[in-house]
Amino acid sequence: MFVKEWSEKLTNHAKQQFMNSSFWIDAASHGLSWEEAVIDMPTVKAAVNRMDKASTAVLRAFYSCFGAGPVHEERLFSSGALRTDLSGAEFRYGLIQLQNAGILFALRKGWGERLYALPSDCFMIWHHILFPIDAEPSAINSGYGHWEQKQEESPNVLLGRQLLAAWAELGRSGLGLTTKGTLPKKTAAKVAQAIGLADSDLLQAGWQAEPEDPYAPVLSFVLKLSFQLGVLTCADGRLKWEEDALAAWMNQSEASREAHLLRWCLDELLTKARNAAALLIRLAPGVWYSELELERQLNRIGMETDEWGAQSNWASWLNLLRALGWIELAHTDSEKLLRWTIRPQDLLEKQQGKTSFEPILLEPNGDIIVLPGCHYSIRWELELIAERKSEDHISIWKLTRQSIGRALEYGRTISTIMTFLHMASGDAPLSPLLESSLADWGKQGAGQEALLVERFHSYPPMPLTAQSASEIVLKSPLQTLEHYELMNHEDFTIERFLPELDRVPLSWIQQLRSYHHSTRLEILEKALSWQTPVQLSIDESVVAFVPAKLERLEGGWTVTGILREDHSYREVCLTPEMWQGMKLVVPGASGFV
């Protein structure tokens, strides 16, 4: 789920309590809310800098092993803890600190299983801070060789434009549903054909439709995304455009639209490759990079390489990004290359949603040249009144007798079409030849009035500016948490997981001192039961020791565990006379973590 969806589950009191965490001192000083703080790059960086060792280690392990989650508690502690050098209690302490700051969340279903997760739209932002790299992956220099002659299939048009084409086909074909509540087969086939994606692109990348989904993968993908964008709803046995949401979507800049879509698709389709995707997001747009170099970078930041090493999977994910219009692929005799066609860093930045507006160019013969900055509301109307001849960086459309006849059937008139063309071309006058052609084509019959009204609502005209202050609210595609209860973070204290803490002598946890061998054994038994370290004074040095096993011998005992000293860790077996002083560590309350 995204931050906004988590926010709806939280009380205002809980969100205010999150901001009391020491991690958010900088955010609070700038008056940021929790929702703003967790997705603001400078604030996130300041929060990570304020984290203790345990919290940072737990968060890095969570990201590395589970992405944004969700993950069952048992697996988190069995697999995630192995990625750190923390004891069980230290891992628990770090987890609690993150929960109390609203960075990780615990959920449960009834009294049963407990899951942990984080807002999925935070992932790319936090990943950038948690896993810094010394230098960005090296770009291929201009003298690399003859690879340009071996460039692979060029990318599709951007997903935003593919969606627009699919929506236009849906509007032209009609929004009615069958008695089974599905689109008619003819309509479904037309909408699926209008988008550049193929079913195989989605299936090979791991797309999984909802149970009993009646549609092919591409159509299922388009409808799911449309519903979660809020531009389509279903009521009274038919689909319905939410015109305010549709207008607001079209009024976004293309960069903002693609950033929204990239975030959604990463959440929906690339959950198993989040770490690799997070590295890709850091790459400069329009620059060729070697896949081999990207793999090296993953290794440098300690990422799991399985997701990259599964070549068939990785090739499928890259092919999907190409099919969505976001990357280009190429290869040489020795390696594969890729580059972004969009600016992926827009995903990490606040989008202003400003729209550039480049007017269309009208030719007397009815040809229309559409420049990259053309407003999407204009593209939407062109899908109805003209025929699209080519779709590329610059697109070509053509007004024809048939296309004008179709527009008339959807409630347009020659007068409104001329007004639209005049406005869309930047108030350029229409040529006499084109005006004459339009007047001639307008003599076609317009059909019955009732049908015109229905079709007008099926394909409504869109304003050049959003008529409401509606923001784009893109819902997370992952619904796996909707039936889980968010646990009260105020219940999370380390003391809950350290039974009989109040019965432990204060001297054990307050000071480093020498004890009789029998007391040393008691302290270690308590450390084992709590899964917490002890501090040991050995030869004038103080080190941390995480006991794992006590073994009683005839006339004595030994303890085996991990000795942590100066960033090195080794398994040792100690006898009680091998250290001078000791102290029981309560994470966050005594000693170091």
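The chain exposes about 27,100 Å², of which carbon and sulfur atoms supply 49%; these areas come from the Shrake-Rupley method with a 1.4 Å probe, and for residues only the protein chains shown count as cover. The model is predicted: local features need pLDDT of at least 70, side-chain atom pairs count only at pLDDT 80 or more, and totals for chains, interfaces and linings use all residues. Residues are numbered from 1 along each chain as its sequence is written, and side-chain values use heavy atoms, with hydrogens and water left out.

Of the 593 residues, 51% count as buried (under 20% relative accessible area, with exposed over 50% and partly exposed in between; 1.4 Å probe, protein chains only). Leaving aside residues up to four places away in sequence, Trp326 touches several residues, including Leu158, Glu258, Cys265 and Trp340 (contact means heavy atoms within 4.5 Å).

The chain has 26 helices and 18 strands, which are DSSP runs numbered from the N terminus (helices H or I, at least four residues; strands E, at least two). Four strands form an open antiparallel sheet in the order 1-3-2-13, where pairing requires at least two DSSP bridges between two strands. Strand 1 (71-72) and strand 13 (485-486) stand at the edges with a single partner strand each, so one side of each lacks a neighbour in the sheet. Within this sheet, four bridges join strand 2 (residues 105-108) to strand 3 (residues 114-117), and Leu107 stands opposite Leu115.
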